[in-house]
Amino acid sequence: GTPSHAWCADANLWVTFESGGGIESYTSGQLKKSGMPSPVGLSTLSEATGLAFDKSHNLWATVSHLEVVRFTVAQLKDLKHEPSPTPGVIITSTSTFGNLGGCNFDHQGNLWVLDEDKGSIDELSKAQLDAGTGDVTPAIVITSSDLVGPSFVAFDGAGNAWVESYDNDRS
């Protein structure tokens, strides 16, 4: 598959593969060697487009077919034995989500999800994430004509969001 995003967490490199590859994890030991490492894969997701880790080290992923899902630390530690765990949380937003891209947590624990088709940044509040599975309306939806295919968001020390707008080369 084609890599779409990467994230470092707990000394591992996690990579999403939007085109049929799910999410793969490479250990720091594998990354220090040349050759073709054998990653541990999270094959549950066939169209993962983004991932982020919360403060408890749970993995949250966006799936291009309109979902945000969560896998627990215990599920991630057991990927060698169970590479296709069922997400513990599945959040949808039939009224808002289009084609989801990257995601990231702000300093308050809210998850910001980018919608490439709608050109929006959607906030799922910590309370919405804690409530678990369901169809929700994002707490905040930000749109702009300058957001054309937003695919990644990062937060600086002051809490400002920086968004990569892929289709018009702006940040």
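Buried means under 20% relative accessible area, exposed over 50%, and partly exposed in between, using a 1.4 Å probe and protein chains only. This is a predicted model, in which local features need pLDDT of at least 70, side-chain atom pairs count only at pLDDT 80 or more, and totals for chains, interfaces and linings use all residues. Residues are numbered from 1 along each chain as its sequence is written, and side-chain values use heavy atoms, with hydrogens and water left out.

Rings of Phe, Tyr and Trp (its six-membered ring) pair if their centres lie within 6.5 Å; planes under 30 degrees apart count as stacked, over 60 as edge-to-face and the rest as tilted.

| Pair | Centre to centre | Angle between planes | Type |
|---|---|---|---|
| Trp60 and Phe105 | 6.4 Å | 70 degrees | edge-to-face |
| Trp112 and Phe155 | 6.3 Å | 55 degrees | tilted |

Strands are DSSP runs (E, at least two residues), numbered from the N terminus. Trp60 sits in strand S6 (residues 59-63) and Phe105 in strand S9 (residues 100-105), so their pair ties together parts 45 residues apart in sequence. Both Trp60 and Phe105 are buried. Trp112 belongs to strand S10 (residues 111-115) and Phe155 to strand S14 (residues 150-155), 43 residues apart. Trp112 is buried at 11% relative accessible area, and Phe155 is buried at 18%.

Two strands pair if DSSP finds at least two bridges between them. Strand S6 is also part of an open sheet of five strands, ordered S5-S6-S7-S8-S12 with mixed pairing. Strands S5 (48-53) and S12 (134-135) stand at the edges with a single partner strand each, so one side of each has no neighbour in the sheet. S6 and strand S7 (residues 67-71) run antiparallel, joined by five bridges; Val63 has Glu67 in S7 as its bridge partner.

Conventions. Helix = DSSP H or I, 4+ residues; strand = E, 2+ residues; numbered from the N terminus.
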